[in-house]
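Here are my notebook entries from a friendly look around a new structure. Have the picture open while you read along.

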Amino acid sequence: MADLMNSDVFLAFCTYATIVILKMMFMAPLTGYFRFTRKAFSNWEDTAMSKNPEARKKMLQTNPDVERVRRCHLNDLENIIPFVVIGLLYALTGPDLSTALLHFRVFVGSRFIHTASYVLALPQPSRGLSWVVGMITTFSMAYRVLTTALYL
Amino acid sequence: MADLMNSDVFLAFCTYATIVILKMMFMAPLTGYFRFTRKAFSNWEDTAMSKNPEARKKMLQTNPDVERVRRCHLNDLENIIPFVVIGLLYALTGPDLSTALLHFRVFVGSRFIHTASYVLALPQPSRGLSWVVGMITTFSMAYRVLTTALYL
Amino acid sequence: MADLMNSDVFLAFCTYATIVILKMMFMAPLTGYFRFTRKAFSNWEDTAMSKNPEARKKMLQTNPDVERVRRCHLNDLENIIPFVVIGLLYALTGPDLSTALLHFRVFVGSRFIHTASYVLALPQPSRGLSWVVGMITTFSMAYRVLTTALYL
């Protein structure tokens with residue numbers, strides 16, 4: 001156990017993986033914020049702040065801002081979790097510290113830019129580019145895992 | 001390899017992570033159950049139990065019960081996977097066994113309560129509270145990971 | 001660190017986990033392909049290839065082909081991530097190499113068949129069966145984790 005934690009690459013992985021997972025988790029309160037300010041809920045029991053059944057029914061709506069944050073959250077799940085899984089295996093293949101740090105930093109940076117581009121609806125290709133950069137980083141780590149640890 | 005499995009904290013992590021992942025996987029057959037009993041499918045090829053094209057078209061509907069279980073499943077993905085990732089790194093930082101068990105038990109308990117609150121549509125704040133408790137548990141573990149293993 | 005990578009079971013896990021995660025990531029460009037060929041987008045800023053506001057509004061539509069690939073992607077998240085988490089813990093319990101390879105190969109094969117069945121809309125039960133086979137494989141690994149490493 002202590003062995004893993006003596007490796008700088010593994011410590012760096014722990015740090016960046018935790019940061020990017022926390023970023024992903026932050027999308028949930030952000031969804032909640034938009035749900036409350038836009039009064040747009042999915043569940044009947046979530047509208048109990050109003051006593052008027054008509055008003056409650058109206059709150060069961062979809063709202064473009066809420067849906068935008070939800071799409072961003074789902075995109076995080078689709079990209080950040082592969083990074084964490086492949087990044088963990090990559091860290092175990094013993095890469096150079098500087099190469100590993102480059103991968104981790106580029107990925108985490110790209111996801112922060114992606115979230116900003118998505119939530120603020122910045123013009124393309126800001127969101128598309130940040131997504132592609134994250135994908136390429138993960139592919140590059142997967143390439144090293146497959147060339148170092150291939151056992152079919 | 002044997003080293004990790006000699007650590008009680010790591011064994012506890014394996015146990016609770018497996019239990020809560022199995023709980024998450026259980027949402028899939030539950031969705032299937034509601035799809036079949038409510039006759040609400042998303043894919044044309046899933047409606048082949050009927051030979052009548054009109055009846056098949058009607059089965060391509062959304063149903064509130066199915067959507068509720070699907071939202072619960074997605075919420076599980078958004079919360080349980082961060083727990084598993086951060087919990088794994090947390091277990092590797094060598095916390096006290098009793099502190100680690102507390103984190104794992106509170107999180108897993110909160111997610112079972114969350115699922116019951118969601119699927120049975122219990123009045124708020126049962127679902128909201130159980131969700132917040134799970135988030136706080138994960139944040140607490142992330143805090144330890146970042147303070148123990150920080151390498152930027 | 002080197003210890004883990006000296007285990008054939010762990011190397012096999014790295015290989016199959018990376019392959020199946022790459023397969024999951026491939027769903028994202030596939031969604032993009034269908035979005036562009038079907039002209040069906042979710043975000044206003046994604047429709048900027050047209051200058052005509054009327055044409056752009058029309059592109060903000062849902063398309064059955066896009067939705068099908070997105071459902072397949074979500075199903076991957078719901079099934080492949082549990083496999084990766086439980087498979088990692090399973091690999092650490094020190095199973096026989098041949099048993100482990102059987103689990104990994106059956107799971108990864110079942111998910112490729114699942115994706116083909118879903119995207120090509122093959123008649124049931126091809127998709128249902130491949131999904132069940134993947135679930136059973138993951139359950140079987142979870143059973144070994146819980147019987148080997150139980151610490152409640």
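B:Cys14 is in no disulfide, and the nearest cysteine sulfur, that of A:Cys14, is 16 Å away.

Next I checked accessibility, where buried means under 20% relative accessible area, exposed over 50% and partly exposed in between (1.4 Å probe, protein chains only). B:Cys14 counts as buried because its relative accessibility is 0%. B:Cys72 is buried too, at 0%.

A note on method: this is a predicted model, so local features need pLDDT of at least 70 and side-chain atom pairs count only at pLDDT 80 or more, while totals for chains, interfaces and linings use all residues. Residues are numbered from 1 along each chain as its sequence is written, chains are lettered from A and ligands numbered from 1 in the order written, and side-chain values use heavy atoms, leaving out hydrogens and water.

Leaving aside neighbours within four places in sequence, C:Phe104 is in contact (heavy atoms within 4.5 Å) with residues including C:Phe13, C:Tyr90 and C:Met141.

My last stop was B:Ser50, which counts as buried because its relative accessibility is 13%. Not counting residues up to four places away in sequence, B:Ser50 touches B:Ala55, B:Arg56 and B:Met59.

Notes. Disulfide = S-S within 2.5 Å.
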